[in-house]
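Here are my notes on the model, as numbered points. Please read them with the structure open.

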Amino acid sequence: MTFAALAFANLLRTPGRTIVRVVVLAAAVALVGAMILFIGHSLRTMTSSSVRSVPLDWQAPVASRPAAERAALAVSKQHGVLDALPVATAPFAGAIHVKPGTGIFRSASGSILAVPETYTQNIHTIRFLRGSLRPGQVVLDQQLAATLQAQPGDLVSFTAKAGRRPVRLRVSGISVVSAGDILFQPLNPLLGPAPAQPPVETAVMTVGTFAQKLAPQLPTIASSSGLPGIPGSVPGTQWQVQAQVDPAQLTGGPAQALRQATGLRNRIQSSLPGQVNFVDNLSESLNTATGDALYAETLYIMLALPGALIALGLAYLAALGTVERDRRELSLLRARGASRRGLVALAGIESLFVGIVAGILGSGIALLALRLVHVGRGPLTLWRVVATVGGCVVLAVLGAAAARLGAGAAALRGEVAEGRRPQRPRRPLWQKLYLDVAALAVSGLVYWLTARTGFSAVVNPDSNPTLSLSIYMFLAPALLWLGAALLLVRLRGALLETVARRVTGGRARTLSGLLLASAGRRSAAINRGLLLVGLLLAFGVNLGVFASTYDQQARVDAQLTLGADIVASAPAEALKAHALEQKIAHVQGVAGTTALDHSYAYVGPDLQDTFGVNASTVTSGTTLRDSYFIGGTANHLLAELRAHRDGILVSKETVTDYSLNIGDLLKLRVLDHATGRLRVTPFHVVGIVQEFPSAPRDSFMVTNLDYLLSVTHDPGPNVVFAKTHGDAAAVAKRVGAVARPAGASVKDITTQTAQTVSSITTVDMSGIAKIEEAFVVILAAAAMALFVVLGLAERKHEFATMASIGSSVREISAFLWSEVAIVLAGGLALAALLGWLLAEMLVAMLQHVFDPPPDHLAAPWLFLVGLAVAAVLGALLTTVAAGLRLRRLPLGEILREQ
Amino acid sequence: MTSVSACRELVVEYGHGDGRVRALDHVSLDVAPGERLALRGRSGSGKTTLLHALGGLVEPTGGEVELEGRPLATLDEEARRRMRATRIAYVFQGANLLPTFTGFENVAFAIRAAASPDAPTDPLMLLGLVGLAGKAEHLPGEMSGGERQRVALARALGQHPGLLLCDEPTGQLDSDTGARILDLIDALQREFGFALVTATHDEDVAARHDRVVELEEGRVVRESA
Ligand SMILES: Nc1ncnc2c1ncn2[C@@H]1O[C@H](COP(=O)(O)OP(=O)(O)OP(=O)(O)O)[C@@H](O)[C@H]1O
Ligand SMILES: [Mg+2]
């Protein structure tokens with residue numbers, strides 16, 4: 001018989017054991033496969049969300065309108081460019097709207113955006129609320145329209161430069177300029193993007209209208225000058241080419257997309273020498289995403305790799321069942337003159353069979369699992385499927401071979417040592433060097449160091465939520481894993497052994513004494529089970545706790561950024577005229593609403609965001625956490641606001657800068673819409689606020705809505721926050737149907753998170769966490785079952801001997817289940833300790849990813865209990881089955897084997 | 001007087017189909033109380049099978065096995081267990097000690113299982129009888145082959161059996177040690193009075209017994225006193 005036939009026959013002879021080996025290995029491979037697929041998918045998601053988050057990819061400053069038009073045409077013809085257009089930005093000194101019968105409304109200085117009529121097709125820096133862009137007319141930004149009290153059809157006069165003749169233009173629409181910080185940033189290709197404070201008042205018109213009516217009155221900025229980014233200080237017209245990259249050109253993860261984008265830009269610049277030099281907003285965003293992607297990858301690997309290794313350990317455990325057969329085979333082969341090498345070859349061929357089947361099965365499960373999580377998203381190309389199957393098969397064969405040969409080696413050692421005094425095996429190098437203890441110590445040290453520096457290895461001075469994270473922090477959990485595993489290997493159940501020796505002294509007589517004595521002497525085997533089960537459960541706890549904390553935090557983070565589950569914003573007039581808050585409150589799925597006024601006020605010379613809130617209803621529309629405030633709980637400070645009509649909550653910086661105390665008078669200058677002028681208004685400081693839903697990270701203020709409206713003479717609030725029951729995106733659709741016709745824009749937390757700037761919170765962890773959790777639950781049951789089955793297989797002879805002496809099946813099974821109980825209890829305890837510690841570490845490292853940082857771990861109790869139940873059930877069922885098997889043990893057959 | 005153990009027309013077959021092996025072929029045998037019987041035969045002649053069958057460790061394909069006059073087939077699970085615990089003890093070739101128990105604990109385990117009022121209750125005393133009181137706390141893995149056989153004997157005594165079945169008790173020992181073990185078995189047999197059935201292929205060993213039954217291909221071919 002050839003080796004292959006022999007190996008095949010071996011596998012078929014014990015179908016049960018072969019199936020267990022295949023299934024365990026398939027689960028291990030599926031875990032890795034799903035992880036790799038998921039990482040690939042996440043990275044592509046990060047790329048696309050990062051690309052989508054850039055409203056304007058490239059801006060090249062040029063000297064004149066003809067230069068802009070020529071260059072735009074040339075760039076747009078280049079392969080890989082979606083669109084390129086000539087655009088101008090310019091300042092205006094002021095605008096006036098004479099509203100017959102009502103009064104004259106003036107605006108302060110602002111900015112003009114001049115674009116071709118087709119601009120909004122491919123570039124999404126502005127959005128029309130009403131009307132459209134028409135030659136010879138002007139579109140007002142929402143804010144400017146509000147300041148001027150202007151509607152489409154009205155006539156508004158613009159003064160380009162103080163002292164010049166005003167130009168009268170008819171209003172053709174109202175828009176929202178959503179990317180003012182980028183559109184009006186100073187363009188210096190040498191310095192790169194430098195998003196600037198957006199102008200408050202913006203007007204949009206066609207390039208033709210601008211060139212004809214306003215440009216002649218303004219100086220033009222030379223293309224190469226680097227201007228300071230002070231808003232409103234731009235002295236003249238900045239002609240530029242704005243280009244958008246075809247997103248289909250950017251594939252793969254952020255790093256790859258970044259290379260592609262930079263390559264494309266360089267190619268275009270060098271093919272049009274001297275004509276365009278881009279300020280590259282796209283690469284800037286992809287660059288940030290690249291760093292985050294690396295962080296995310298490390299995070300995923302940290303989360304998944306231990307699981308895969310533990311699953312491989314289970315495969316080893318499953319292969320250990322072949323030890324008996326290996327012994328027999330070895331003597332058979334020896335009798336035929338074959339050698340150890342023959343046995344190795346046999347094991348190798350066997351692993352090949354097992355690996356191929358397990359690999360195909362595992363990759364199938366992985367692909368299916370990913371499909372379940374991401375229905376319709378991230379299509380699996382043929383290439384990806386082939387690569388996954390191939391990778392999984394290779395991995396499974398290697399894993400099977402490692403497990404099989406490892407177990408085989410144990411058999412060979414056992415053969416030699418059989419019947420001899422158990423010799424102390426030579427201590428491996430890592431034990432002599434105390435690498436386990438060292439790993440734990442370094443892990444603690446790294447953790448302590450990062451904790452001391454507040455987990456912010458790199459502090460980003462930018463207020464943007466970009467993150468530069470240090471990978472070395474991951475050393476802490478990685479080393480904790482390693483150290484804990486090695487330490488357990490070193491101890492080999494020494495504790496159990498010592499306890500047993502102390503208690504029984506080698507002279508046990510009672511059943512419990514005999515059980516303990518036996519367990520003590522099998523402590524190495526028990527420890528092997530404990531190690532695998534404990535680490536597996538620890539992995540599960542770590543994964544579950546981390547994932548649910550991540551989930552919770554991502555939601556909190558997104559809510560703080562957006563403001564609430566659903567946010568509808570519209571000009572105050574529209575909100576009031578359509579009674580939007582009430583309408584939204586009645587939408588099915590909306591749990592509660594609150595309306596607030598988002599406006600601006602000057603504290604001394606600083607313009608700060610000001611939120612007028614209804615202190616009684618604000619918590620029904622959004623969630624306020626105590627950590628947002630200093631000097632009191634959320635409830636306490638809201639009560640303060642309610643108690644003081646002119647009360648105001650200010651930021652810590654404001655308190656320090658103006659040396660304020662609680663109760664102090666604070667005079668603000670707020671815009672009075674009745675007069676169109678700033679008006680000094682008294683407030684009283686009632687507390688300090690650090691964070692507020694939808695507020696920017698820097699300074700802002702929170703005050704009472706009624707009081708604010710009474711001084712601004714705004715018609716009402718301009719934002720509605722809504723809390724939802726269940727899926728925010730679905731409810732948002734219904735809210736949108738009610739609110740959009742009234743001119744409101746509606747955002748929801750689900751969609752918003754998916755679009756948040758490249759942060760790793762973009763990536764939805766819950767999918768992969770679900771997959772992994774399912775694997776862990778299955779593996780936990782399988783691990784306990786394997787432990788029982790293996791124990792029975794190893795001790796068959798022993799149990800048969802006990803039976804031949806007249807021991808009852810109940811007594812014999814006690815030797816099985818007592819070990820199972822030790823492994824279960826030890827495993828659960830280890831899992832609780834190690835898993836929690838690991839989760840704590842990982843979550844602590846996300847401190848600066850999340851804003852606000854998580855203040856406690858979220859425990860997914862359902863999953864944790866499920867995990868424990870799975871382990872217990874797996875143990876229970878197999879122990880019961882083993883008991884039945886013990887009853888039918890062929891004693892004569894077993895006992896004749898010596 | 002009823003025999004301790006007996007079989008009538010006993011047939012034991014292993015396997016099925018083409019691989020079917022008849023290990024015992026219509027064997028009839030009586031073992032009287034206190035009798036010392038040797039089963040002699042070449043390797044594969046069915047000695048071990050017969051010992052197992054007498055102790056109820058293999059199910060007969062045909063015929064009947066009796067223990068102290070009661071047919072084994074009529075005994076329920078618990079009765080069989082009691083029988084194994086208190087009436088029959090084995091000493092195998094490789095001793096079959098429980099590897100995770102010390103010598104003391106191996107004996108204690110058997111005493112516990114038997115829980116018979118007549119049985120000795122002190123493992124140390126029994127180990128003393130076989131001269132191993134000093135190694136009570138050693139594990140089987142830490143003992144020599146002869147020592148292990150002696151512990152097995154002590155364990156068997158702990159069951160206070162009416163019948164001791166020994167399967168090649170000296171098979172793995174050098175002749176000197178073997179002889180000493182056989183002497184020990186003889187001495188203990190005289191003291192405790194159990195019936196003894198020893199399977200062996202060795203004529204000298206067989207010659208030490210009261211009666212020798214010769215097996216060949218599963219059949220009794222000769223009996224000599
Ligand atoms: N499980 C089994 N399946 C098939 N045949 C078996 C099995 N056990 C024993 N046999 C066969 O039954 C016959 C009797 O075996 P047994 O072990 O009783 O002989 P023995 O006299 O004890 O031999 P030895 O002196 O070598 O121990 C042999 O031919 C053996 O090959
Ligand atoms: Mg035999």
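1. A polar contact, as used here, is a pair of N or O atoms within 3.5 Å. The model is predicted. By that cut-off, the side chain of B:Ser43 makes a polar contact with ligand 1: one of its N or O atoms is 2.5 Å from an oxygen atom of the ligand.

2. Backbone atoms also approach the ligand. A polar backbone atom of B:Gly44 is 2.7 Å from an oxygen atom of ligand 1, and a backbone N or O atom of B:Gly46 lies 3.0 Å from an oxygen atom of ligand 1. Ligand 1 taken alone exposes 630 Å², and the protein buries 69% of that area.

3. Around it are 14 residues, and the closest are A:Arg896 from chain A and B:Ser43, B:Lys47, B:Thr48 and B:Thr49 from chain B.

4. Two or more residues of the shell come from each of α30 (891–896) of chain A, β2 (21–31) of chain B and α1 (47–54) of chain B. The element giving the most is α1(B), with 3 residues. Sorted by class, the shell holds 6 polar, 5 charged and 3 nonpolar residues.

5. A separate point concerns two helices of chain A. The axes of α1 (residues 3–13) and α2 (residues 15–52) of chain A come within 5 Å and cross at roughly 100°; α1(A) and α2(A) are therefore roughly perpendicular to each other. On α1(A) the contact is made by A:Leu11, A:Leu12 and A:Arg13, and on α2(A) by A:Pro15, A:Thr18 and A:Arg21. These divide into 3 nonpolar, 1 polar and 2 charged residues.

Methods:
Residues numbered from 1 in each chain as written. Chains lettered and ligands numbered in written order. Predicted model: local features only at pLDDT ≥ 70, side-chain atom pairs only at ≥ 80, totals over all residues. Heavy atoms only, no water. Near = heavy atom within 4 Å. Polar contact = N/O pair within 3.5 Å; in protein donor to acceptor, adjacent residues only side chain to side chain. Areas by Shrake-Rupley, 256 points an atom, 1.4 Å probe, with all protein chains shown as cover. Helix = DSSP H or I, 4+ residues; strand = E, 2+ residues; numbered from the N terminus. Nonpolar A, V, L, I, M, F, W, Y, C, P; charged D, E, K, R; others polar. Axes fitted to C-alpha atoms, helices over the stretch in contact; angles between N-to-C directions. Parallel < 35°, antiparallel > 145°, perpendicular 65-115°, else oblique. Contact = heavy atoms within 4.5 Å.
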